[in-house]
Amino acid sequence: MHLDAGNEQIHAYPPDKPVLGVKQNSPTPLRLQRSLSFLETWGFGLSGHIAWIGTATAMHAALGPGAIVVWLPTVFIGILLNRQVKRLGEQWPEMSGGTPNYITRLLKDYPGLGRYAALAYFISWATYLPVNAIILTDLIQANLEPLGIACPKTLLRIGFTVIAYIMAFSGTRALAILHAVFIFPAVGFLLLFGIQGMGWLAFSPDSPGLFPSAWPTLTFVDWAKWSFFGVYGACSCENASAFVADSRQPNKTLQCLTFAGWLLVPVFLGNSWVLARLATSPGLGEDSFANLLTAASPFWGSSATFLVTLLLASSCLLLPATAVSTCPRILYQLALDGHLAPVFTVVSPQGVLGPGLIFSLLFSLISLLWGDVARIVVVGCAGYMVTLMAFHLGFWLRRKFPEVRLPPASGSAAGGKRFAFLPWLSLGFFAVDAVFLVVGGLAWSREDVLIGLMLPVVTLAVDAAIRRSRFGLFRPNWWIQRYRGRHHNLFPDFVAFQVVILIFLICSAVAVGWAFGLRLYSHSSIFSNFLVVLLLTAAFVGVAIACWTSLPQVFAMNQAREAAEHLFTIALDAIVVLDENGMIRQANPAAERLFEISSNHLVGCHLNQWLPGLANDPEQWLSRSEQTLNQPNTDPSNSTSLSILEVAISDRFSQDASLSNRDLQEYVVILRDITERKQAEEALQKANEKLETRVEKRTNELRKTVEQLQTEIQERQRVEENLRAMQNQIVVQEKLASLGSLTAGIAHEIRNPLNFVTNFSELSAELAQELFEEIENQAERLDATTIEYFAELLNDLKQNLQKINHHGQRADSIVSNMLLHSRGQSGHWEPTDINKLLADYVNLAYHGMRAKEGTFNLSIETDYDAEIGKIEVVPQDISRVFLNIINNACYSTHKKKQTLENDFSPVLCVKTKNLEDRVEIRIRDNGKGMTSEVQDKIFNPFFTTKPAGEGTGLGLSLSHDIIVGQHRGELSVESEAEEYAEFIIVLPKKPA
């Protein structure tokens with residue numbers, strides 16, 4: 001769907017889009033609605049600047065004017081960080097959570113590191129929230145002590161920690177509006193503090209001077225130590241990116257990052273300089289109120305107390321509001337991307353991230369119980385520093401990808417080349433952040449830094465436990481059922497409940513005001529200070545109560561109203577709302593299309609102007625009737641052009657109303673065009689009449705058709721008999737062709753062993769003759785040497801005779817195979833050594849091809865499984881299958897060799913494998929292969945790819961019948977054109 005947002009077009013991602021990390025059988029998580037205006041997101045984006053108040057006073061107390069040396073590089077890093085985050089937000093406008101979730105995308109090749117860094121960012125915000133609650137409680141305590149009123153510190157700390165969560169549990173919108181109301185004045189006074197202070201320092205005669213007379217020395221360790229905090233403050237002003245997915249105008253929300261980046265200069269540099277030059281009184285220490293009041297008094301005068309208190313109270317209340325809005329979004333996006341448990345993807349219809357809020361609240365309460373502000377801040381800073389390091393590392397690693405390349409300025413054709421140094425600058429920032437973490441962090445507390453680094457690991461362990469737990473609270477379905485059932489549990493009398501709440505609030509406010517007024521009357525010096533804190537706190541508490549009481553009811557009523565308006569608008573039927581006289585008061589778009597007139601012209605007209613069949617008084621109308629539509633362009637004489645409407649009229653809203661209340665009575669009329677239905681009914685009736693007359697005609701035609709079909713069937717049977725006779729004839733021809741090839745191959749095979757017989761016979765005869773002659777000549781003079789010589793001759797004679805015997809047997813075997821294959825009839829089932837049978841026919845086919853093609857040659861690779869043994873087959877028929885397939889393989893490799901010549905070496909690979917109750921035979925060649933279309937047809941009778949006269953197309957068809965039909969086996973082929981072809985034969989060990 002598309003939402004209109006000023007000049008922008010916002011694309012809302014469909015809820016049925018697959019989500020990483022969420023199982024397919026899990027409910028599809030809802031997407032965050034784009035409900036926030038860009039000003040509300042700017043309010044969250046500017047809250048990081050007021051964090052300067054807490055950081056700057058402590059740094060000023062330790063470094064004095066030397067603090068500016070810390071702020072300069074950190075502000076520079078913060079400005080560039082905002083620019084980089086803005087670029088990522090433009091690339092990923094659908095992502096919630098901002099910077100930490102961008103890190104997981106940048107480090108997608110290192111998901112563990114990205115998840116760790118994102119959780120470190122989450123922890124830095126969740127743990128910082130109770131720090132503000134502690135500071136605000138201390139501020140209230142400081143104002144109550146002069147009044148003699150005991151301050152319930154624990155209760156106030158818990159209350160200030162929880163109050164922001166209470167508002168967040170009712171939806172982000174109310175919290176965003178309240179936040180924006182206070183953040184803009186607070187930032188404005190913060191800017192005013194710096195501008196007025198710098199002006200007073202530069203031009204006032206009472207000024208101590210714009211620059212100090214002497215600069216304090218600053219060691220490297222001190223610089224790194226305070227930069228550890230400085231980076232945490234200056235770089236936390238990019239959190240507007242966390243709300244891009246919620247914004248109705250994301251581009252304007254991202255513009256906040258540019259504004260917030262440049263705002264760092266006057267806020268962090270200008271204000272710090274004013275603080276360093278004017279808050280020089282001894283004994284101020286790290287007290288934020290005392291330092292700011294001392295610095296502001298020269299130019300704000302008597303208003304300084306009020307404005308400083310406003311700044312401190314605003315920062316302590318607004319920063320928690322930003323934290324509780326940011327933290328759940330981080331968890332939500334991490335879960336949506338598959339980095340955390342799916343339960344964190346659950347969103348209520350109001351946009352409440354319940355599981356994420358509870359998880360964040362637990363972290364905040366644990367930090368609050370710890371109670372040590374300094375240690376909490378160090379722990380948070382350690383995690384945030386790891387986040388910055390991961391961000392800069394990921395930005396550098398993906399420097400060649402479009403998401404990190406900055407767009408050209410002012411349409412420059414140079415593209416992002418002018419900013420090509422930024423990824424490398426990020427690598428430098430990574431090194432600087434590492435120095436801050438190691439040197440600065442360890443200078444504060446080694447234990448706290450270690451805790452900050454370990455907390456993300458602990459969080460991952462908790463997430464793993466949540467994933468494995470079957471407890472309902474950790475399952476998305478549990479939350480979804482609660483959210484779906486909430487609108488059924490609304491208060492039955494909402495008005496009475498609201499009045500009771502209002503009375504309670506008024507009475508409580510009066511009682512509290514009266515009680516404190518009596519005390520404050522005698523302490524007018526602290527009246528204004530405490531009044532500011534009280535007003536801000538009361539505003540937050542009041543909104544929190546309203547969120548829990550009113551917002552669910554208001555949301556339900558608004559949801560019902562929107563649903564009704566939506567149904568009214570998208571209804572396919574025309575709907576009009578009438579007053580008590582039948583005059584049209586409202587019409588939906590379908591009614592405009594039906595009457596062919598705009599709703600502006602329909603309003604104020606009587607309905608019977610278009611439906612003459614209706615009476616003037618709506619009380620006389622039937623609740624359901626059929627009416628003819630009267631349109632100006634319709635010809636009354638042409639009945640086919642008239643539209644027929646089905647009219648359904650609701651009862652009056654108050655049938656027993658008196659005449660004085662008739663003005664409040666309305667009717668809802670639903671109009672449905674049934675012209676086509678009526679025409680269809682008439683057409684159906686006429687069609688039935690025609691059908692009856694055509695049935696008899698069709699029956700006669702069908703009888704004739706049946707007789708013709710019977711004649712055609714008899715003719716087809718005769719044709720099939722002729723085809724079978726022709727097929728048998730072609731089979732005989734195929735056998736004769738195969739026999740010719742076999743004869744040539746066998747003749748070639750017989751020639752070699754017979755040559756051996758001839759040669760060795762002659763040699764044996766010569767040796768024998770030589771032996772006899774030697775014996776005759778030297779019979780009387782035989783000695784040991786002669787005897788040895790005779791022995792060698794006799795040994796040679798013996799070996800020659802053995803070779804003669806061996807090759808004679810080989811010739812006999814070849815002749816036997818030839819005679820066996822030349823028989824036309826099938827043999828008998830008998831145990832057969834498949835390996836030996838296959839080896840014989842590989843040899844036979846090879847020499848048969850050699851006989852036909854003198855240049856033919858190929859390498860034969862065999863791998864016979866010796867565990868197969870003998871299996872029951874018909875050897876005569878199986879041998880035909882082997883010969884057909886191997887002949888085809890030899891033919892294919894030979895044709896490919898003729899094409900490629902020296903660039904190709906033909907190879908035939910034959911393997912057998914024992915498969916328990918079956919035997920697998922694979923015959924593979926690296927010849928021309930075949931396409932998928934050819935593979936679908938190779939077992940069809942008469943199909944061949946060979947030229948005319950070289951093949952009949954029956955070899956593989958007969959092989960398929962022998963393997964599948966006769967032996968109940970399997971015959972398949974795997975091939976890739978111009979690469980290879982492999983036939984796979986699977987035979988059962990026992991015949992079926």
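In what order do the five strands of the open sheet lie? In this predicted model, where local features need pLDDT of at least 70, side-chain atom pairs count only at pLDDT 80 or more and totals for chains, interfaces and linings use all residues, the order is β9-β11-β12-β14-β13, with mixed pairing. The edge strands, each pairing on one side only, are β9 (859-863) and β13 (970-976). Neighbouring strands of this sheet are turned by 15° against each other on average, direction ignored. Helices (H or I, at least four residues) and strands (E, at least two) are DSSP runs numbered from the N terminus, and two strands pair if DSSP finds at least two bridges between them.

Within the sheet, β12 (residues 918-925) and β14 (residues 980-988) pair in the antiparallel sense over eight bridges. Arginine 918 stands opposite proline 988 in β14.

Two helices lie across these strands. Helix α23 (residues 834-852) lies across β9, β11 (907-915) and β12, and runs at about 170° to β11. Helix α26 (residues 955-966) lies across β13 and β14, at about 135° to β13. Contact here means heavy atoms within 4.5 Å; axes are lines fitted to C-alpha atoms, for helices over the stretch in contact, with angles from 0 to 180 degrees between N-to-C directions.

Elsewhere, leucine 113 belongs to helix α5 (residues 111-144). Leucine 113 is partly exposed, with a relative accessible area of 38% (buried means under 20%, exposed over 50%, partly exposed in between; 1.4 Å probe, protein chains only). Residues are numbered from 1 along each chain as its sequence is written, and side-chain values use heavy atoms, with hydrogens and water left out.
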